[in-house]
Amino acid sequence: DRDINEILAEIDHAIKNDPNNAAYYFYKAMLLEKKGMLNEALEMFLKVLEFQPDEYNSNFNTGVIYTRLAEQVREELNQISYREKEKYDATMKKMDDLYFESLKYYEKAYVADPNSLDVMEILKSTYFYFREKKEGMMDKYNQIKAKIDNMSERLQSM
């Protein structure tokens with residue numbers, strides 16, 4: 001029920017006193033994301049990853065931020081007239097670059113927790129999206145889809 005800005009100020013004070021505490025950056029990132037400050041949240045999640053490069057939550061959330069930034073660009077893309085081909089293509093590339101950047105973090109989250117259905121589903125859809133744009137994506141899609149299908153079959157047989 002407290003004001004987010006008050007909490008952020010407390011976290012900033014804590015960071016000044018203990019700049020090597022990854023948890024402070026993580027909580028700040030979560031609050032910034034909640035406020036819709038995606039670029040600032042991304043900066044904080046990347047800071048956490050400097051301390052804990054293989055940690056699941058920070059990698060997953062960094063991927064989420066990149067995905068949300070890509071979705072913002074998708075909104076811009078939807079507003080561009082088909083007559084503005086150069087602008088459309090540049091905006092499409094920007095969106096694809098953000099989606100592709102998210103993959104790096106989702107893949108690290110997957111390594112940290114290879115049984116996370118959340119991350120597997122995101123990887124599956126992102127690999128499928130890039131299947132004709134980036135080499136090897138269809139193979140990755142088929143591998144992750146097979147793992148998801150296998151998990152589903154095991155759950156159904158229980």
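Predicted model: local features only at pLDDT ≥ 70, side-chain atom pairs only at ≥ 80, totals over all residues.
Residues are numbered from 1 along each chain as its sequence is written, and side-chain values use heavy atoms, with hydrogens and water left out.

**Stop 1: the whole protein**

Zoom out and show the cartoon. You will find 7 helices and 0 strands; helices (H or I, at least four residues) and strands (E, at least two) are DSSP runs, numbered from the N terminus. The C-alpha atoms fill a box of roughly 55 × 50 × 30 Å along the principal axes. Of the 158 residues, 37% are buried.

**Stop 2: helix α5**

Now select residues 85–112, which form helix α5. How far apart are its end C-alpha atoms? They are 41 Å apart, which agrees with the 40 Å that its 28 residues should span at 1.5 Å a residue; the expected span is 1.5 Å times one less than the number of residues. Color the buried residues of this helix, among them T91, M95, L98, Y99, S102, Y105, Y106 and A109. As you look, keep in mind that an α-helix has 3.6 residues a turn, so residues three or four places apart point the same way.

**Stop 3: N59**

Next, pick N59 in helix α4. Is N59 buried or exposed? N59 counts as buried because its relative accessibility is 0%. Leaving aside residues up to four places away in sequence, N59 touches L49, P53, D54, Y105, Y106, K108 and A109; touching, or contact, means heavy atoms within 4.5 Å.

**Stop 4: K35**

Finally, go to K35, in the loop between α2 (22–34) and α3 (38–51). With a relative accessible area of 36%, K35 is partly exposed. Which residues does K35 touch, not counting residues up to four places away in sequence? They are I4, N5 and L8. The C-alpha atoms of K35 and I4 are separated by 8.0 Å, though the two are 31 residues apart along the chain. Show side chains to see K35 make a polar contact with the side chain of N5 (2.5 Å). A polar contact is a pair of N or O atoms within 3.5 Å; within protein, one must be able to donate a hydrogen and the other to accept it, and residues adjacent in sequence count only if both atoms are side-chain atoms.

Note on methods. Buried < 20%, exposed > 50% of the residue type's maximum accessible area, 1.4 Å probe, protein only.
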